[in-house]
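Student: I have a structure open and would like to go through it with you. Can we start with the sheet and then move to the packing?

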Amino acid sequence: VEPSDKMRSIAESECDDSRVSFLKGSAESIPLTDDSCDVAWLSQVMHHFQNINAAARELKRIIRPAGFVIIRSNFKGRLADSSRYYDFFPTGLEVDESRHPTIEHVRDCFEENGFRLTTLETVEQIEATNLQEYTERIRLRTYSTFELISEEEFEQGLAKLQHAADIEKTPKPVTAKLDLLVFEHSGGPDVSA
C-alpha cells in the first residue's frame, strides 16, 4: 500500500512476483477488507504518516485477531547514532528529529487501538559494503531527508563523504541501526468504535 504513484510504479517495475500487488492508499486509509491480513510490515514509513492514531486504528481493522504489525523504523530521540550519513549531513539529524515520532507515541497509539507491544529491540543492518558504495547510494538521494536539506549542504556533505570514501584504506561495511517493534492484535471488539 503506497500513496505515491511514482513509488508504486518503481516497485511494480522491480517486482516480478505475481503474488505481490501494489495498491494505492495510505496508512490512514488502507484499501483492504476487514480482518484480511495476518501481518503488516511497516518499514521506514512512520515519519510519513499524517496521523499515527488513525493508522493504528486502520491496521486494527485489517489485521486478524492474534495477527501482528511489525514496524522497522528510526524514532525521535534515538537517531543520533543510527545512521552514518549524519556525520556528513548534520542538518539531516535536525530534519529527521523534527519529523520522526517517538517510540512512546507510537506505542501509545497502537495500545489505544487494541494492540500489545511484544518486542522492542534495536537491529543493525548493512547499508553498503564500503564507503564508496554508500556514497553512490547517497548520491541518488535514497533517503527523503535529502529532499529537505539545502542543495548547498547536500553537495558539501556529498563531497565530504566522497573524500572519506577515497581515503578509506580498509573498506568495511556501512551499517545503520533501526528499532524493531512488534505489536500483536489483542483481539476482541474494536476499542475505537
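Tutor: We will take the strands, then the helices, then the aromatic rings. This is a predicted model, in which local features need pLDDT of at least 70 and side-chain atom pairs count only at pLDDT 80 or more, while totals for chains, interfaces and linings use all residues. Residues are numbered from 1 along each chain as its sequence is written, and side-chain values use heavy atoms, with hydrogens and water left out.

Student: In what order do the 4 strands sit in the open sheet?

Tutor: The order is E1-E2-E4-E3, with mixed pairing. Strands (E, at least two residues) and helices (H or I, at least four) are DSSP runs numbered from the N terminus. Two strands pair if DSSP finds at least two bridges between them.

Student: Which strands stand at the edges?

Tutor: Strand E1 (37-43) and E3 do; each has a single partner strand, so one side of each lacks a neighbour in the sheet. From one strand to the next, the twist averages 15 degrees.

Student: How many bridges join E2 to E4?

Tutor: Strand E2 (residues 63-73) is joined to E4 by 6 bridges, and the two run antiparallel. Valine 69 has phenylalanine 183 of E4 as its bridge partner, and isoleucine 70 has valine 182.

Student: And over how many bridges do E3 and E4 pair?

Tutor: Strand E3 (residues 115-128) pairs with E4 over 12 bridges, in the antiparallel sense. Arginine 116 stands opposite glutamate 184 in E4.

Student: How many residues of E4 are buried?

Tutor: 10 of its 12, so the strand is mostly covered. Buried means under 20% relative accessible area, exposed over 50%, and partly exposed in between (1.4 Å probe, protein chains only).

Student: Helices now. Which strands does H4 lie across?

Tutor: H4 lies across E2, E3 and E4, at about 20 degrees to E4. Axes are lines fitted to C-alpha atoms, for helices over the stretch in contact, and angles run from 0 to 180 degrees between N-to-C directions. Contact means heavy atoms within 4.5 Å. Helix H5 (residues 131-139) lies across E3 and E4, at about 110 degrees to E3.

Student: Which residues are buried in H4?

Tutor: Ile103, Val106, Cys109 and Phe110 are buried there. They cover an arc of only 135 degrees around the axis, which puts them on the same side of H4; the arc is that of the directions from the helix axis to the C-beta atoms. The buried residues of H4 pack against helix H2 (52-62), E2, E3 and E4.

Student: Rings next. How many aromatic pairs are there in the whole structure?

Tutor: A search finds 9. One of them is phenylalanine 110 with phenylalanine 183, stacked at 4.7 Å centre to centre and 15 degrees between the planes. Phenylalanine 110 lies in helix H4 (residues 103-112) and phenylalanine 183 in strand E4 (residues 174-185), so the pair ties together parts 73 residues apart in sequence. Both phenylalanine 110 and phenylalanine 183 are buried.

Student: What counts as a pair, and what as stacked?

Tutor: Rings of Phe, Tyr and Trp (its six-membered ring) pair if their centres lie within 6.5 Å; planes under 30 degrees apart are stacked, over 60 edge-to-face, and the rest tilted.
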